[in-house]
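Colleague: I would like to go through this model with you. Let us start with the chain as a whole, then take the strands and the rings.

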Amino acid sequence: MTKQETIIKIAIVDDDIITTSLLKDFFETSSNIKVLYTANSGNHFLKKWKEEEILPDIVLLDLRMKNGTGLDVLEKLSDEKQEIKTIVISSHYKASYTGQMLKLGCDAFLPKEMGPEELVEIICEVFEKGHYFLQEQIEGLRKQVATKSPKLYLNSKDGLSSRELEVLEMLCQQLTTKEIGDKMYISPKTVEAHKSNLLVKTGVKNSVGLIIYAIQNKLVNPDNLILLN
């Protein structure tokens, strides 16, 4: 028996009716993405968000719209502490805006020229990992980090909180962000925050690096690791 594919529920918010319609039609051909509804402005979306019983997992959001901008939506979702992921797709995209978009609560920031097939992959990555960065955005963020930042010195468990160690152990068991959150009774965003702290403190680049770090520093028992086939 095969594992049932997870359906990612999305909402599309854009005042360009043609763009919205084309995206909706394209996503209907995808087996794992369901468009709950579309909205032609920020306020229109916020109204639907309050009225609809089922919440989207991810919102595809334009920035410049009349009657409620994308920034208004980001601010409202942040104030309400919603778990909804947001992917901003804008014709006014600049890689240098990435840091500011992150501060506003955006989980991915993309140019409108993005192809629909690639957009499907990004939606899946945001759903699974909580965020997505283009390579040029990563390079830009690196340049924004002060060159005189102090070097990190970390020795095994030194500097890692008990919560971070717990998250690290579950990552080594190949648990997803949602599964870790369920086990620890915390939100997926809190799990992602712990993960980000672990990456910064250990100096590794991704989850695989964290697993290697945990094994090398004997923070986990290798016999308890769950490896993917």
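**Contacts, strands and rings**

Modeller: Residues 24 or more positions apart account for 65% of the contacts in the protein chain with a separation of 6 or more. Keep in mind that this is a predicted model.

Colleague: What share of the residues in the protein chain is buried?

Modeller: The protein chain has 229 residues. Its secondary structure comes to 10 helices and five strands. Buried here means under 20% relative accessible area. The buried share is 38%.

Colleague: How much of the accessible surface belongs to carbon and sulfur atoms?

Modeller: The accessible surface of the protein chain totals about 14,000 Å². Carbon and sulfur atoms hold 52%.

Colleague: How many residues of strand β1 are buried?

Modeller: Strand β1 spans residues 8–13 and is mostly covered. Of its six residues, the buried ones number five.

Colleague: Now the rings. Why does the pair of Phe26 and Phe27 count as edge-to-face?

Modeller: The structure holds three aromatic pairs. Phe26 and Phe27 form one of them, with ring centres 6.1 Å apart. Planes over 60 degrees apart count as edge-to-face, so this pair qualifies. The angle between its planes is 65 degrees.

Colleague: How many residues apart are Tyr93 and Phe109?

Modeller: Tyr93 and Phe109 form a tilted pair, 4.9 Å centre to centre with 45 degrees between the planes. Both residues are buried. Tyr93 sits in the loop between β4 (85–90) and α4 (98–103), and Phe109 in strand β5 (residues 108–111). The pair links distant parts of the chain, with a separation of 16 residues.

Colleague: Which residue lies over the face of Trp49?

Modeller: The distance to the ring centre is 4.5 Å. Over the face of Trp49 lies Lys50.

Definitions and conventions: Residues numbered from 1 in each chain as written. Predicted model: local features only at pLDDT ≥ 70, side-chain atom pairs only at ≥ 80, totals over all residues. Heavy atoms only, no water. Phe/Tyr/Trp six-rings, centres within 6.5 Å; stacked < 30°, edge-to-face > 60°. Helix = DSSP H or I, 4+ residues; strand = E, 2+ residues; numbered from the N terminus. Buried < 20%, exposed > 50% of the residue type's maximum accessible area, 1.4 Å probe, protein only. Lys NZ or Arg CZ within 6 Å of the ring centre and 35° of its normal. Contact = heavy atoms within 4.5 Å. Areas by Shrake-Rupley, 256 points an atom, 1.4 Å probe, with all protein chains shown as cover.
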